[in-house]
Amino acid sequence: MYTWITNESDRAQWQAFVDAAKKKDPEFNLTLEGPSFNDYWTKVKTRLSSSGAPCIITTQAARAQELKDLTVPLDDMVKSNNVDVSMYNKAMIDGLTVDGSLRGIPYDAEPVVLYYNKDLLAAAGVKEPGLDYTTTQFTQDLKALTKDGVSGLAVPPGFGSGPGLPLAFANGNGPVKDGKLDLTNEGLVKDQQFAFDLVAKDKVGNPPQASDGTDVPEQQFMSGKAAMIIDGPWMYETLTTKTQGKVGIAVVPSTSGKSVGMIQGSAFAIAASCKDKEAAFKNIMKITTPEVVGAVGAARGTVPSVESAVKDWAGNKPAADVSVVESLLKSGRPLVTTPNWNQVETNFSQYSGEGFRGSKSAREIFSTIANSAK
Amino acid sequence: MTALPTLAVKNAKKPARVTGHGKLAAVYLAPGMLGFLIFIVVPLVASLVISLFDWPLFGAPKFVGLDNYVRMLSGDPVFWTVLGNTLFFAVCYTVLNLVLALALSTWLHSLGGWGPFFRVLFFIPVVTPMVANALVWRLMLTDDGVVNSFLANFGIHGPSWLSDSQLAMGSLIVMSVWQGIGYNIIVLGAGLNGISPNLLEAARIDGAGALQRFFRVVLPMLSPSLFFCTVMTIIGSFKVFTQPYLLTLGGPGESTNTIVLYLYRNGFSFDKLGYASALAWALFVIVMLITALQFSQQKRLVNYDN
């Protein structure tokens, strides 16, 4: 399988799939290879065009459009193998459907959340957020938390990784309209500007460098140098166990306080170059059963794509954290993008430093990216 | 000096032996020529063909004629920005590299026994993988990295070396000079070793001071090595990729985006192989013209009289 392996946490997650599938089929095995998450979307294209390319690849609902020429439609195999697609998260299935055909079987459906360091909040006298969190309160809290060498918010340079895009989703805005890139819509521009201003004007976070991976802000959070970070539930296990201080999660703040979740889910797909697609599909089905995705969710914190398995994920977690994810799952929308999304992401990382430093506005940056991505 | 004409005359009298030598030469040259054909000529021609197409990595290519070139020259402001960045990098990097390499190699030459030891020290970054070097420099130049921590000891609040558009390119140039200077130090050091001490001694006897000896004797005698270093350094500087890719990702904005990074992105990240090929040809033409200009001035600037 060709997938992203950014760090040991990623490798442990993929191994958890193999281990869970082995419980039912001891002979089952899966060889893993791949680059970091940031490099994956560039390298998967060249890897699949080379000889001996792997049959199974990972994709996302957000990238299904972009990788459609690399993957095969699964509808016929779903039918012939009597797979009940309705058991998977509907938002994910919608996101993975390109031009009317399904391109991947999802293993998770993860609404992006706000992680906070309980100890730092308590020390700053800030009340822990929960299911209702307004951007006004968020700004006040971040200001209160920014002191003594600690930043309120850890900030990555990427678009999808936030904080701008999850904040826009929380307010019901997004970057795509009717299948086309819509970066300059008022809502998105305003929400991204809010995110830029948090750093450039309110100084509640350090401006990121373009080449920073998501691991850089995550390290800031884990080391206690930042009190909050917007990230996916797939980081739950790592962030809750490796952070200096206790960690809680809340919804991503919105203007009204009623947040819409940005569902970032991933899936297994079959490479168009695969010689034995039927065998690849059967292997995918072994690692996306409710039992397997539930077991991986329990072990690694990824929110299962199968609703009936969410209880396995919730089993050992605090009720408050579970309610946050369940609430966002109910209100959430999948991040569906366009075929040129990699260009948008790359350009945004390149330009976001200027936004977070205040030398360019969100509108200027989005206009440049929109023109470049034509 | 008389052996070669004699051999040529002998060979001219024995055409059968010439054929034998020719065949042997062809056999020896075949692997190299085959490699040149497969890895240079074929990709070169292929990229020229691809540049005339709208060619995604996957999916059907579409013939667009010269559209990619027209877009590059008149419809893509980023191309002119990255070209300007690349030229700026090439000029600063080449001048800094050559001036420092010349100064350091002259100093090392004067050290005598310790010279080779320091040459090895300066050469280590050249043979260290560029990726490793770039990552170390990235850690050093981050906002709370080693450089700013050092400055903080003196009460100086260090700037954002890689995130400030005024400083990012300068940081890349400094890192690149550190990485590449050892090569020129070795070449210029070899050139200095080749200068006859008798010439310098004669100049000294004639009353030439240290500066006069350097500018009137050393520099002219070193001009073949300097010419080689200049040509190679300029060509290398136009191909700069790893440093902006790993240290700044071309940002902030387009401030450190270079033509090869832009070319790579268009080809492999943005799925525009045709446009990337057109960019590659633009780079090829620019480097070829600059190199041709240098060679046209070779007789005027380079002293080959030993």
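Me: How many residue pairs are in polar contact across the interface of chain A and chain B?
Reply: This is a predicted model, and the pairs counted have both residues at pLDDT 80 or more. The contact itself takes 28 residues from chain A and 28 residues from chain B. Across this interface, the residue pairs in polar contact number twelve.

Me: Which element gives the most to the side of chain A that touches chain B?
Reply: The elements of chain A that give two or more residues to this side are α2 (37-48) and α15 (341-356). The one that gives the most supplies eight residues, and this is α15(A).

Me: Which residue of chain B forms a salt bridge with Arg357(A)?
Reply: The rule finds two salt bridges across the interface of chain A and chain B. In the one made by Arg357(A), the closest N and O atoms are 3.7 Å apart. A salt bridge needs such atoms within 4 Å, so the pair qualifies. The partner is Asp143(B).

Me: How many charged residues are in the lining of the largest cavity?
Reply: The largest cavity has a volume of about 50 Å³. Its lining includes Gln209(A) and Gln350(A) from chain A, and Leu162(B) and Thr248(B) from chain B. By class, the lining has five nonpolar residues and six polar ones; the charged residues number none.

Terms used
Residues numbered from 1 in each chain as written. Chains lettered and ligands numbered in written order. Predicted model: local features only at pLDDT ≥ 70, side-chain atom pairs only at ≥ 80, totals over all residues. Heavy atoms only, no water. Contact = heavy atoms within 4.5 Å. Salt bridge = Lys/Arg side-chain N within 4 Å of Asp/Glu carboxyl O. Polar contact = N/O pair within 3.5 Å; in protein donor to acceptor, adjacent residues only side chain to side chain. Helix = DSSP H or I, 4+ residues; strand = E, 2+ residues; numbered from the N terminus. 1 Å grid on protein atoms, 1.4 Å probe; cavity = no way out; pocket = protein on both sides within 12 Å on 5 of 7 lines; lining within 4 Å. Points joined across faces, edges and corners; volume = space filled by probe spheres on them. Nonpolar A, V, L, I, M, F, W, Y, C, P; charged D, E, K, R; others polar.
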